[in-house]
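Thanks for coming. I have one structure to go through today, and I will take it piece by piece. Please have the sequence and the coordinates open.

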Amino acid sequence: MSKSKSWLSLSWVFVIQILFQSSSTIAATRKEIGFPERRICRTTVQGRYLLSDDNGYVCDALSLDPQYRCCPERGDKFSCHGCNVLSQCCNSYEFCVSCCLQPAQTQKEQVLKLKVAKPSTSGTYLSVFDFCAGRCRHNSESVVHENAYVSDFHHCFSLPSNSSGSTISPVEARLNGINVVIGRQGESCDSVCKSNGQSCVLNKLLILNQCDIIQKYMSCKGACLASVGPDQPAEVVDDAPKNLNPGACLYTRTQSMLSCDGSHRHTRRLCPCA
């Protein structure tokens, strides 16, 4: 009987050893194949209802992944909704951070050289997310008389005035006083501007209806194409049908078609508001 028990014990040890080796082999194989490992996201904590994660997505707190702390990857990545991309100021903190994270808006190499504060002993930013999350909070450049904001667009991510030698082109100068806002999918400029307490300025659409200007505000991953429609200038959303050139920016050669009330369910408009 004792020999039988000993044999059974040895058998179980042998089986467990085989299972352990198999699981190790599978784990090693998964790593060799290159299965992506999920990482835990960093998020903003300032907003009452919304959050922005370091992937560039905005969501509400209830939508946040409880394990990885990431927003769902739906909607616009690096969304500039409610932002004037020319002045690099937004009317909400979370969308300011999201827009700031867009590589076309913020250059990583430049940002990581900036000091967090003015004293010479201050350290530099460790990541673009650190810069955006910090810079988009209210700063002295968006305040007048120490107790009032310059405008509703007081969440700004532009570089400190003494750190950038950028100049504004004559074309961009014609947009002074205009809030250039990227609308939501299928939204007209009348609706976009009204949601910001402003009105669409029709004659400024002519200035925005140029590829070099559109590309300053939108990613234009599918290039910039001439098109026909009252929803232009605009960008085709990524999940649009292939025949509509997803990701492409559109401008119209027929200036008489420029309209504040035009819209298309597969585009996001670039709107001049004041």
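I'll start with Phe 157, which sits in the loop between strand S7 (155-156) and helix H5 (170-173). Bear in mind throughout that this is a predicted model.

Is Phe 157 buried or exposed? The cut-off for buried is under 20% relative accessible area. Phe 157 has 2% relative accessibility, so Phe 157 counts as buried.

Which residues does Phe 157 touch, leaving aside residues up to four places away in sequence? There are several cysteines among them: Cys 90, Cys 96, Cys 99, Cys 100 and Cys 136.

Three strands make up an open sheet, in the order S3-S4-S7, with antiparallel pairing. Strand S3 (83-84) and S7 are the edge strands, each pairing on one side only. Between strand S4 (residues 89-90) and S7 there are two bridges, again in the antiparallel sense. Within that pair, Cys 89 stands opposite Cys 156 in S7.

Now to strand S11 (residues 249-252). In a regular strand, side chains alternate between the two faces of the sheet. Here Cys 249 and Tyr 251 point one way from S11, Leu 250 and Thr 252 point the other way, and all are buried.

What does S11 pair with? Strand S9 (residues 224-227) runs parallel to S11, and four bridges join them. Cys 224 is the residue opposite Cys 249 in S11. S10 also pairs with S11, in the antiparallel sense, over two bridges. There, Ala 234 has Leu 250 of S11 as its bridge partner.

Last item, the second largest pocket. Its volume is about 790 Å³. Of the 33 residues that line this pocket, the closest to its centre are Gly 75, Asp 76, Lys 77, Ser 79 and Arg 268. By class, the lining has 14 nonpolar, eight polar and 11 charged residues.

Where does the lining of the second largest pocket come from? Strand S2 (58-60) and strand S10 (234-236) each supply at least two residues. S2 gives the most, with three residues. At the domain level, the lining draws at least three residues from each of domain 1 (50-156) and domain 2 (174-273).

That is what I have. I'll take questions now.

Conventions:
Residues are numbered from 1 along each chain as its sequence is written. This is a predicted model: local features need pLDDT of at least 70, side-chain atom pairs count only at pLDDT 80 or more; totals for chains, interfaces and linings use all residues. Side-chain values use heavy atoms; hydrogens and water are left out. On a 1 Å grid over the protein atoms alone, a cavity is a set of points where a 1.4 Å probe fits but cannot get out, and a pocket is an open set with protein on both sides within 12 Å along at least five of seven lines; lining residues have an atom within 4 Å of a point. Grid points are joined across faces, edges and corners, and a volume is the space filled by probe spheres set on the points. Ala, Val, Leu, Ile, Met, Phe, Trp, Tyr, Cys and Pro count as nonpolar, Asp, Glu, Lys and Arg as charged, and the others, Gly among them, as polar. Domain bounds come from an automatic or database domain assignment. Buried means under 20% relative accessible area, exposed over 50%, partly exposed in between (1.4 Å probe, protein chains only). Two strands pair if DSSP finds at least two bridges between them. Contact means heavy atoms within 4.5 Å.
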